[in-house]
Amino acid sequence: MIGSLYLHVPFCARKCAYCDFASWATPAGDPLMTRYSHALEAQLKEVGSLGLLDACETAYVGGGTPTLLGEKGLGELVSTLREMAPRVDELTCEANPDSLTNTVLHAVCEAGATRLSVGVQSLVDGELEELGRLHDSACARERVRAALASGLDVSVDLMCATPGQTDESWTRTLEEALGLGAGHVSVYPLQIEEGTALDVRYANDPCAWNDDAVQAGRMTQAQVVLEGHGFSRYEVASYAMPGKQCRHNRAYWTGISYLGLGTAASSMLTLDEYLRLRSRAPQLPLPPGGCERIRLTVASDRQALAEDPRISGLSFSLEFLTGPQAVAEDLMLGARLVEGLDLGLVSRAHETFGSSLDAVLEGLLSDGLLTERGGRLAPTDRGWLLGNELFGALWGLAPGEVAAARC
């Protein structure tokens with residue numbers, strides 16, 4: 001059964017300079033936000049009526065900027081989620097410091113959120129300006145402290161290899177973030193995506209401040225600082241104090257089924273779960289023979305979704321994975337976790353791929369991307385830094401092309 005739920009809120013007060021996510025600058029009070037959040041509530045009730053949320057244990061409201069919905073909109077959305085997925089015991093809301101008001105904070109606490117993931121990115125004002133963030137460092141510090149005082153678990157999200165950042169300023173951001181008292185820190189190297197404001201701004205610049213060596217150095221720097229303060233890395237970009245790991249984050253890498261609602265939201269479903277959803281959404285095509293896993297992404301835009309929230313009215317893009325393709329994907333995803341590949345998964349993969357798997361694993365071990373640790377095959381520090389090579393080698397075991405469709 002589906003173990004995790006994601007809701008996508010595609011609204012922002014302003015697009016950040018680096019952002020190519022499915023989000024759009026939206027004026028405060030725009031009625032589209034209210035209609036969209038009501039549409040998500042209607043969809044929660046619809047999929048809940050199918051029993052798809054009965055076993056769901058983690059949920060994440062992301063974006064975009066969910067806190068831009070305000071205390072009423074976000075509070076009602078979280079309350080409806082709680083009602084339709086009563087077994088959820090970890091419920092995270094993304095938040096930007098500038099829109100995380102005391103009233104919004106109170107509303108999400110009252111509605112049943114357990115975690116906040118706060119987009120701090122940097123605690124250096126000049127770096128925040130370069131990234132196009134609306135908050136300054138003082139606002140970020142104050143809002144993280146307020147979130148912690150509310151009793152919620154808090155994650156601080158940080159970004160490295162950004163314009164104007166130095167080794168010294170990065171260390172300062174890490175140290176100051178730790179000083180705030182959050183139990184979870186996520187660290188991401190900036191990716192300059194095509195068509196973003198940063199891409200246009202630096203079109204004729206080699207961006208030496210963002211090259212692979214700088215990114216690797218800053219990620220290593222983060223590991224040293226965070227582990228030196230008692231944090232443990234559990235996933236390629238995430239560190240936590242004992243008991244503070246984000247279970248929803250882990251779910252994406254462990255083969256647990258998840259459902260995504262909202263424009264551009266993605267799901268990963270078993271064949272049975274997909275057919276149950278299809279009973280309410282007949283526009284979804286029948287899966288091809290041999291399919292064991294379906295990935296689907298909502299293709300309807302925010303306006304269309306707000307106007308017609310019925311599951312039967314949505315457009316989707318889909319991928320249909322065979323059993324062997326699903327096993328290869330599980331290997332690739334499992335290699336993102338610090339504990340590495342589960343022995344049961346490796347055994348299943350060996351039954352599927354035989355000597356081909358042996359050759360790939362031997363190559364990864366000899367290249368220093370994997371190591372044997374605690375009876376498992378786990379990524380090394382080199383494997384973290386050369387993730388594309390590690391993940392690509394494991395996914396390369398997948399036979400044939402993944403079947404795709406749109407509806």
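## The β15–β16 hairpin

Gly 374 takes a positive phi near 60 degrees in the hairpin of β15 and β16, which has two residues between the strands. Strands here are DSSP E runs of at least two residues and helices are H or I runs of at least four, numbered from the N terminus. Strand β15 covers residues 370-373 and strand β16 covers residues 376-379; they pair antiparallel over four bridges. Pairing requires at least two DSSP bridges between two strands.

## Basis of the model

This is a predicted model, numbered from 1 along each chain as its sequence is written. Local features need pLDDT of at least 70, side-chain atom pairs count only at pLDDT 80 or more, totals for chains, interfaces and linings use all residues, and side-chain values use heavy atoms, with hydrogens and water left out.

Strand β13 (residues 291-298) is largely enclosed by the rest of the structure, because six of its eight residues are buried. Buried means under 20% relative accessible area, exposed means over 50%, and partly exposed lies in between (1.4 Å probe, protein chains only).

β13 has antiparallel partners in β12 and β14. Strand β12 (residues 266-270) is joined to β13 by five bridges. Ser 266 stands opposite Thr 297 in this pairing. Strand β14 (residues 316-322) pairs with β13 over seven bridges. There, Ile 294 faces Phe 320. In a regular strand the side chains alternate between the two faces of the sheet.

## Nonpolar cores

The largest nonpolar core has 81 residues. A core is a set of buried Ala, Val, Leu, Ile, Met, Phe, Trp, Tyr and Cys residues joined through side-chain atoms within 4.5 Å. Leu 5 and Leu 81 have the most contacts inside the largest core. Helix α1 (residues 31-49) gives the most to this core, with seven residues. Another core lies apart from it, with 21 residues, among them Ala 335, Phe 353, Leu 377 and Leu 390.

What does Leu 5 touch, not counting residues up to four places away in sequence? Its contacts (heavy atoms within 4.5 Å) are Leu 44, Leu 53, Cys 56, Thr 58, Ala 59, Tyr 60, Leu 81, His 248, Leu 259 and Leu 261.

## Cavities

There are two cavities of 30 Å³ or more. On a 1 Å grid over the protein atoms alone, a cavity is a set of points where a 1.4 Å probe fits but cannot get out; a pocket is an open set with protein on both sides within 12 Å along at least five of seven lines; lining residues have an atom within 4 Å of a point. Points are joined across faces, edges and corners, and a volume is the space filled by probe spheres set on them.

The largest cavity holds about 90 Å³. Its lining includes Cys 12, Arg 14, Asp 98 and Arg 133. By class, that lining has five nonpolar, three polar and three charged residues. Nonpolar covers Ala, Val, Leu, Ile, Met, Phe, Trp, Tyr, Cys and Pro; charged covers Asp, Glu, Lys and Arg; the others, Gly among them, are polar.

The second largest cavity has a volume of about 70 Å³. Of its 14 lining residues, Leu 259, Gly 260, Leu 261, Val 298 and Phe 316 lie nearest its centre. β11 (258-261), β12 and β13 each give two or more residues to this lining. Nine of the lining residues are nonpolar, five are polar and none is charged.

## The second largest pocket

Helices α12 (323-334) and α13 (343-353) each give two or more residues to the lining. The lining divides into three nonpolar, four polar and six charged residues.

Ile 192 sits in the loop between β8 (184-189) and α7 (197-201). Its relative accessible area is 26%, so Ile 192 is partly exposed. Beyond four places in sequence, Ile 192 touches Leu 198, Asp 199, Cys 207, Trp 209 and Asn 210. Gln 215, in helix α8 (residues 212-228), is buried at 12% relative accessible area. Its contacts outside four places in sequence include Ala 161, Pro 189 and Asn 210.

Pro 282 lies in the loop between α10 (271-278) and β13. Pro 282 counts as exposed, at 57% relative accessibility. Its C-alpha is 6.6 Å from that of Ser 312, 30 residues apart along the chain.
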